[in-house]
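Please open the structure in a viewer and keep the selection panel at hand.

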Amino acid sequence: MGDLFAGYPLHAELGLGSDAAFDEMFAPDGSVRKNYQKIHQTLAGISPDELRHRADALADSYLAQGVTFDFAGEERPFPLDTIPRVIDVNEWATLEAGISQRVRVLEMFLDDVYGAQAIVRDGLLPANLLTSSSHFHRQVHGVESANGVRIQVSGIDLVRDEAGEWRVLEDNVRVPSGVSYVVSNRRMMAQTLPEAFQKIRIEPVADYPNKLLSALRASAPGNISDPTVVVLTPGVFNSAYFEHTLLARLMGVELVEGRDLFCTSGKVFMRTTAGPRRVDVIYRRVDDEFLDPLAFRTDSVLGPPGLIAAARQGNVTIANGVGNGIADDKLVYTYVPNMIRYYLGEEPILKNVDTWRLEDPESLELVLDRIHELVIKPVDGSGGKGLVVGPAADAKTLEDLRKRLIKDPRGWIAQPVVNFSTIPTLVGEGIRPRHADFRPFAVNDGKDVWVLPGGLTRVALPEGELVVNSSQGGGSKDTWIIGAKRPKLPEPAIKTNSSVSALVAGQTAKDSGFSEGKFQSQQQQQQQSLDGSDSQC
Amino acid sequence: MLSRIAESLFWMGRYIERADGTARLLDVQLQLLLEDPWIEEDKACRSLLEVIGSKSEFPGLLTKQDLLQTISLDKSDPSSIASSILSARENARRVREVISTELWEGINTTKSRLPRKIVFEKSHDFFAWVRERTALVVGVVEGSMTRDEAWNFFMLGRALERIDMTARLLATSELTQNAGPSWTTILRSCGAYESYLRTYRGVPSATNAAEFLLLDRYFPRSVLFALNSSEQSLFDLTPASGRTGASDMAQRQIGLLRTSLEFRSVDDILENLRQEMVVIQQGVADVSATISSRYFPANAIPAWIGEVS
């Protein structure tokens, strides 16, 4: 083991048992796991000083680019650790299938609850679960996008448990954020560890904006040959503003604020220097409650009045769909495995974390007894908001919590403390294990759920901390999917003139590797147009 | 393009030019204050504040150091260099998705490297740094922006601000009129000294120098040149149709301002230079307001009103 990993605590040395967190790089006996071998070799060739130096350069560059977050009024660079998480392509295939299954079932669920509500009639889901959720919006009953998609973008949060098995922690199908960091982290990593990129074949993530744009265009109202897509942001003061600009920039579409839009006669327009211009698809990064003062909060200035009415008339598509919050309600989460059996007739590929519903009096009693060893989460919080980790909380907090649970059992769920996996991370004293969760992103264009090969790995930087949140001192890691075979080229759709194809072949031979990808992407465009969809990358 | 984006680009152009212009103006004036042994420091500093349009209050005697600190780095004073850079950066942030990464980083690093304090001895270095950074930003714009509406709005803002800044710079010539070679210094601060010498082949005279900075058709920092280029930008935004006049109010205002300078004699203008410069500054403000109302219509925030009956 190189100098760099000196002092790294290993399970065998510490005599930890099977309930210790799973370390993704080192097996309990101290050997390096297969998927991490190449990156471990690369890192071993770098001195600790050199690695720190590179980490500083990375932070400076993020500061210059404005990839920052506000910390007590001061701008800090978004923390990116120089050691990536590595996932083997075979393992990834399972994750991909599991995420795709989850998105498909949540789509069906949303379609159902904002329509016929068969799942309630069949007795799988109590009706009061819907009506008591603050994210179930009657206002959008029956509102549907042209291609039926409500979850254009999703971020399903995963963790690895003590045995190394992936589990779903929560679903995010409202406005999941963080994908911009995946794209920019990859670019930074290529500058920070170029030697690793030479040795390891990593699946690229730069395709995301294209996929997102084609999914958005595919959901546009019918009969529009060239739909206008916009990204709706709350404004520069939003903490995810960087992400909104990055997506708008990489998709080449307008980034609008609520005041740039207005609705008349059921259509949405944006104000431009050349007068009003029709808008067909809104990729909104504004919460439901602020989208339309006529339908939701009357004091909102972030969305144009009349937007929901326009969506209902089918003149504009709002992505992600309004009212999606019901699908990532934490209590609904406990029903997802059953939903997969009910809607798809399949077994869930990815398991949930075990969860107690507190509405059931027996569970409530059990949870109240063991409150000090459980994690209690509010059902409508996300990103660790309002969450209480029993073993880490003091007596008073637990006593307060106990009262709140008895008063409002619908508002909370309880889970055992998952001692989720650790990855080596560069911190003050050197490289140490830190807990990390994972958010992969999936884009649904109505035909296929595409999972971005990679995702946002979030690290809890304080030692032993199990809550991962960027506002609570969380960092991030790039996520590498490795070992993929070069994708097979589909048969050319159009027979080319033989002399031309010889010429093309000659060119590809000269600079192979790059032009092949280009060839492929052009063919994909061809295929899309053959399928009858009018989207183009 | 979106009105809001156009507005931000327009103001980004203005603020970048303003930072540059203020740095140039201060550089010269502080130099002159230093060189003139008989000058009343307090009075000179106060008239300088007035020319720049600063609203900062100084109850006691005003020193060069105070002036430097306020006009360079005081973020609460809207006419300071720091405020201009901050505002340029804020506007750039609002149009982040339409400008290039290189341009954004150019502006963003300028903001993050702003010093907290400058000592008087180092002031020249600071002003040189501001000039360099703004030149870098404008250079990146030049090299990376497509010549579309975005470009026109940026250039329009920049040209209008340049008219205003050169007018202010000219107005300061009166402050230190008796202190010797002020015109040379003013020409130098605009980077105009060499081209002036080549044009007039001789010792600077007040009339020639003023003529050069006001009326030269080829020198890019002259008032007339900037008027012409803003007129061109406006024309590119809304090409005139029809056989007579200009349909665009802003074009008309700029045209009037230009002709009232272009076709008068220098002596006539110099007679009351400071007043003339105030007229030009007012003219720029009017044009700016006209452009706002035409291209950046404000959006009334929707509000609920109680029923009357």
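This is a predicted model: local features need pLDDT of at least 70, side-chain atom pairs count only at pLDDT 80 or more; totals for chains, interfaces and linings use all residues.

Residues are numbered from 1 along each chain as its sequence is written, and chains are lettered from A and ligands numbered from 1 in the order in which they are written.

Select chain A first. Its secondary structure amounts to 18 helices and 23 strands (DSSP runs of H or I, at least four residues, and of E, at least two, numbered from the N terminus). Of its 537 residues, 42% are buried (20 or more other C-beta atoms within 10 Å of the residue's own, C-beta atoms being placed from the backbone).

Next, display the interface: 22 residues of chain A are in contact with 21 residues of chain B (C-beta atoms, placed from the backbone, within 7 Å). On the chain A side, α3 (48-65), α10 (241-251), β7 (254-256) and β9 (267-272) each supply at least two residues.

Now select α5 of chain B, residues 101-112. Its buried residues include Leu103(B), Trp104(B) and Ile107(B). Among the elements covering the buried residues of α5(B) are α3 of chain A and, from chain B, α4 (81-94) and α6 (123-144).

Finally, select α11 (residues 223-237) and α12 (residues 249-262) of chain B, whose axes come within 10 Å and cross at roughly 160° (axes are lines fitted to C-alpha atoms over the stretch in contact, with angles from 0 to 180 degrees between N-to-C directions). α11(B) and α12(B) are therefore roughly antiparallel (over 145 degrees). Residues making the contact include Leu227(B) of α11(B) and Ile254(B) of α12(B).

Methods
A residue is buried if 20 or more other C-beta atoms lie within 10 Å of its own, exposed if 12 or fewer, and partly exposed in between; C-beta atoms are placed from the backbone. Two residues are in contact if their C-beta atoms, placed from the backbone, lie within 7 Å. The expected span of a helix is 1.5 Å times one less than its number of residues. Angles under 35 degrees count as roughly parallel, over 145 as roughly antiparallel, 65 to 115 as roughly perpendicular and the rest as oblique.
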